Amino acid sequence: MAQSRQGTQESPTYSAMELMICAASRLLDDGAIVGVGTGAPCAAAMLAQKTHAPRLFIIFEAGGLAPRLPSMPISVGDSRTVAEALMATSMGDVFESCQRGIVDYAFLGGAQIDCYGNLNSTCIGAFERPRVRFPGSGGANDFASLCWRTMVLTLHDRRRFVEKLDFLTTPGYLTGPGAREAAGLPAGSGPYRVITDLAVLGFHETSKRMQILSLHPGVTAATVQEHTGFELAEAAEITMTERPSAEQLRILREEVDPHRYFLGR
Amino acid sequence: MKVLSSGKGKLFMDPDPEAARQFFRAKRGAMDDKVMSVQEAVARFVHDGDYFASGGFGANRISTAVLHEILRQGKQNLTFAGHTSTHDFQILAAGNRNGRKLLARVDCAYVIGLEARGLSPQGRRVMESGEIEVCEWTNYALACRLRAAAAGIPFVPARNMLGTDTYEYSAAKEIECPFTGRKLMALPALYPDVSVVHVHESDCYGNCRIRGIAVADLDLARASKRLIVTTERLVSNREIRHSPEATVIPSFCVDAVCEVPFGSYPGNMPGEYFSDEEHLREWLEVEKDEHRYQQFLDRHIYGVRDFQGYLESCGGLPRMLELRAIELFSRKKGG
């Protein structure tokens, strides 16, 4: 993970994780419906809700709809996910809402990601006798198949950003342009942003390959490519990721994760 | 309807609704008093070789008492449905040690992990050993499979899993929609032999109330051939009849009703008590060392008579009241 940056009056000190969460948070527009998991994605959604997107509608796959999160849940099904919520429903109802097309975003993670935004959270090595077995899809495949836009939060290194996944758990653009639709997945859906500790990435409009959209302060495009196990698509224009504001950092540290369960890592 | 392709995973249960209808027809006792001990319920209704499913969501509203009793009674060769199975899977995985094999087959959507708490070393050992047959699914896929069974139909179509290895290693089929011509996943009905669901309130017949999220339990209860209910509290039948709209599982689904206060411990029970994060952390920690793991299991499961003994070994009522305070008043950080 990148080092903490030196703070000044205008730009306070922040960690790489804090920058990732703040960048992810900015991508969520007010009034949107977003499916989140525990950890960083949830922190990003909570931060958005407490800053620019007070009407953000957060959903949890186990059945919690639009809670006013008192603190970070430890499970996507624990009591906090229905604290002052609008509804406590079922897993089927949540994913059917995604399938109907009403859910805008889903935030995911994974052990490996490829250039088309496909994710592996199942295993490393052969499926029958894996070197490492991970939990599996959970609801990740469902969210990424059925929501409009998938966002991925992950650390950026060659171990994670690979040419070929050991197992394709969760669909990105599969094998490239048109592949999702050909497979039967809902039209116009797919990966949207990948937020890492180095950059915010998107997907090239025609080739559907991953490309840099903005570099975090002090990071070069060459560094990002160096940490990526596949060739990134040429980016037309690369901007610099906005630094976390003092207000974002205060809310993140004091209200979202005061015990630093997540930020402390 | 055209089948376009088939996943190469093994289907562990027959999705045929005719066989299930015959079973359900023979099921009797909708209005029988089914109150019994957890020991009796597990001895009578969980058999070696059964397909077993556990309700709730990993470490939320799970029936810990029944899971421990399955371990204590040494049940073997079970098939297990794992939709976000976290601590429940972790408990059962303890039965795959010393040459014993509690888990033999797993319909896997999410196992091994305990969400934000990390991965279970024992869960990994079991899943990486090659000793159990694994079929891949997703959380929604398993929910659909239970939905199909609850509805008494052989499959439910959905638009997930398409184009992925998750599908390739599942037992789903890719079909062409008879109306639109679109590709769909056909998710086969899942009728577990026996399941357990932990609820807030039940009467002696098994009419149940749940607070908070239902996860997939309403369909699980209806899909299961036999159902053990554990309940925080027994309530009178008169109470149930007073608010029938609050009943979410009807008694004709239920085979056993066991009153187990704090029955989801160390998991969370909505509106009752929060999860015991210290105990769950210790569990993950001891799994790293075989000797400590054995001592831990002896202290908390094999060396106690029942769930009451487990609660005592974890701090008893004072600890439970602390967890209640976290749940109800956020008195202390919950981990």
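This is a predicted model: local features need pLDDT of at least 70, side-chain atom pairs count only at pLDDT 80 or more; totals for chains, interfaces and linings use all residues.
Q: What makes the crossing of α2(B) and α3(B) oblique?
A: The axes of α2(B) (residues 38-45) and α3(B) (residues 64-72) cross at roughly 60 degrees.

Q: Which residues bring α2(B) and α3(B) together, and what is the hand of their crossing?
A: From α2(B), V38(B), Q39(B) and V42(B) meet A65(B), V66(B), E69(B) and I70(B) of α3(B). The axes come within 9 Å, and the crossing is right-handed.

Q: Why is α2(A) described as largely enclosed by the rest of the structure?
A: A residue counts as buried if 20 or more other C-beta atoms lie within 10 Å of its own. In α2(A), 10 of the 11 residues are buried, so the helix is largely enclosed. The buried residues are A40(A), P41(A), C42(A), A43(A), A44(A), A45(A), M46(A), L47(A), A48(A) and Q49(A).

Q: What covers the buried residues of α2(A)?
A: The cover includes α1 (16-26), β1 (33-35), β2 (57-59), β5 (105-108), β10 (149-153) and α7 of chain A. With α7(A) (residues 246-256), the axis of α2(A) (residues 40-50) comes within 10 Å and crosses at roughly 115 degrees. This crossing is right-handed. A43(A), M46(A), L47(A) and K50(A) of α2(A) meet Q248(A), I251(A), L252(A), E255(A) and V256(A) of α7(A).

Q: How do you know that both faces of β2(B) are covered?
A: Side chains in a regular strand alternate between the two faces of the sheet. In β2(B) (residues 51-54), Y51(B) and A53(B) lie on one side, F52(B) and S54(B) on the other, and all are buried.

Q: What makes β2(B) and β3(B) a pair of strands?
A: Pairing requires at least two bridges. Three bridges join β2(B) to β3(B) (residues 78-82), and the strands run parallel. In β3(B), A81(B) is the bridge partner of A53(B).

Q: Why are β1 and β6 of chain B called edge strands?
A: The open sheet of four strands in chain B has the order β1-β7-β8-β6, with antiparallel pairing. β1 (3-6) and β6 (155-158) each pair on one side only. On average, neighbouring strands of this sheet are turned by 30 degrees against each other, direction ignored.

Q: How do you know that β6(B) pairs with β8(B)?
A: Two bridges would be enough for a pair, and four join β6(B) to β8(B) (residues 183-188), which run antiparallel. Within the pair, A158(B) stands opposite M185(B). Helix α6(B) packs on the sheet, touching β6 and β8 of chain B, and its direction makes about 140 degrees with that of β6(B).

Q: What is the place of A141(B) in the largest nonpolar core?
A: That core has 167 residues, and A141(B) is among those with the most contacts inside it, along with I21(A), A43(A), A45(A), L187(B) and I228(B). The most is given to this core by α6(B) (residues 139-151), with nine residues. Beyond its neighbours within four places in sequence, A141(B) is in contact with A109(B), A158(B), N160(B), M161(B), A172(B) and L187(B).

Q: Which element gives the most to the side of chain B that touches chain A?
A: The contact takes 52 residues from chain B and 49 from chain A. Elements of chain B giving two or more residues are α5 (121-128), α6, α7 (165-168) and β8. Of these, α6(B) gives the most, with four residues.

Conventions: Residues are numbered from 1 along each chain as its sequence is written. Chains are lettered from A and ligands numbered from 1 in the order in which they are written. A nonpolar core is a set of buried Ala, Val, Leu, Ile, Met, Phe, Trp, Tyr and Cys residues joined through C-beta atoms within 7 Å. A residue is buried if 20 or more other C-beta atoms lie within 10 Å of its own, exposed if 12 or fewer, and partly exposed in between; C-beta atoms are placed from the backbone. Two residues are in contact if their C-beta atoms, placed from the backbone, lie within 7 Å. Axes are lines fitted to C-alpha atoms, for helices over the stretch in contact, and angles run from 0 to 180 degrees between N-to-C directions. A crossing is left-handed if the near helix is turned anticlockwise from the far one by less than a right angle, and right-handed if clockwise.
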